Each structure stands twice: as C-alpha cells, then as structure tokens.
Amino acid sequence: MNKLFAPSGYWQLAQEDKDRICNGMGAKDSALATLIPNTMYGLDVTEAGNIHDFMYHVGLDLADKEEADRVFLNNLLRIINNQGGWLAFFRRRRALKYYEAVHHFGGPAFWANKNSLQELAA
C-alpha cells in the first residue's frame, strides 16, 4: 500500500465531496483534463492528483499552492517507487513533467473561486 501524504481533511472527505472537488489529473472542468491521463506508463496515479486537487481547493495563498505542488510530486514519486520495476525511470521523468506543469501553469486552477467579485473589483 502506498503511504501518501495529505492533509487530514482529505482523508475525512465524504465520497460525494471528494467527487465534487477531485478528478485526478488535470484541472476539474477543464477541457484539457480529458487529455491528461491518470496513469504513467500503466501505473495509476489518480490518488496523487486527487490530493493535489483537494489541496488547491482548500489553499489560501501562494505558499499553499507551492506546498500542494511539492506534495503532488512527492506523492507521485512515492507511488512510482512503491511499484518499482524497469519503468520507474520513465515514470519519474513523467512525474517531473506533471510537477512542472502544475508549478508553472496551475495558477488559474488554484486561484479559481478564491476571491469574491467585490475583492476582484477593488
């Protein structure tokens, strides 16, 4: 079993809340999400994506985003290292690409629905 890191609130989520917040890889409700696989060379990494989604959902500031991105990479590597095998090298390279993507381009997904219209207009 993979021992993944997540805030305690993630492990306490009701399934309906998890389904509402999390969707594995890719930003929820994004057209690109359907193009980003939840597997890395056949290895299911959905749970790492779900934890990342949750951390983006509850995060409040840039430090929270950066922590969520680091946890995402850490969890991907934990899943990969637990599986082992000859594909591990290629999966680690893919994990770094996923991390770089969320680190550089995840801002809109993180900041979505964080500010009210009044705060945006100020």
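Guide: L77 lies in helix α4; helices are DSSP runs of H or I with at least four residues, and strands are runs of E with at least two, numbered from the N terminus. This is a predicted model, in which local features need pLDDT of at least 70, side-chain atom pairs count only at pLDDT 80 or more, and totals for chains, interfaces and linings use all residues. Residues are numbered from 1 along each chain as its sequence is written, and side-chain values use heavy atoms, with hydrogens and water left out.

Visitor: Why is L77 called partly exposed?

Guide: Buried means under 20% relative accessible area and exposed over 50%, with partly exposed in between (1.4 Å probe, protein chains only). L77 has a relative accessible area of 26%, so L77 is partly exposed.

Visitor: What is L77 in contact with, leaving aside its neighbours within four places in sequence?

Guide: L77 is in contact with R92 and A95, on that count, where contact means heavy atoms within 4.5 Å. The C-alpha atoms of L77 and R92 are separated by 6.6 Å, and the two residues are 15 apart along the chain.

Visitor: What span does α4 reach, and what is expected?

Guide: The expected span is 1.5 Å times one less than the number of residues. α4 (residues 62-83) has 22 residues and reaches 32 Å from first C-alpha to last, close to the 32 Å expected. After α4 comes G84, with a positive phi near 65°.

Visitor: Why does D69 count as buried?

Guide: D69, in helix α4, has 0% relative accessibility and therefore counts as buried. Among the residues D69 touches, not counting those up to four places away in sequence, are H52, Y56 and H103.

Visitor: What makes the link between the side chains of D69 and K65 a polar contact?

Guide: A polar contact is a pair of N or O atoms within 3.5 Å; within protein, one must be able to donate a hydrogen and the other to accept it, and residues adjacent in sequence count only if both atoms are side-chain atoms. The contact between the side chains of D69 and K65 is 2.6 Å.

Visitor: Why does H52 count as buried?

Guide: H52 is at 5% relative accessibility, so H52 counts as buried. H52 lies in helix α3 and touches A68, D69, F72 and V102, not counting residues up to four places away in sequence.

Visitor: Which elements do the buried residues of α4 pack against?

Guide: Those buried residues pack against β1 (39-40), β2 (43-44), α3 (46-58), α5 (88-105) and α6 (107-111).
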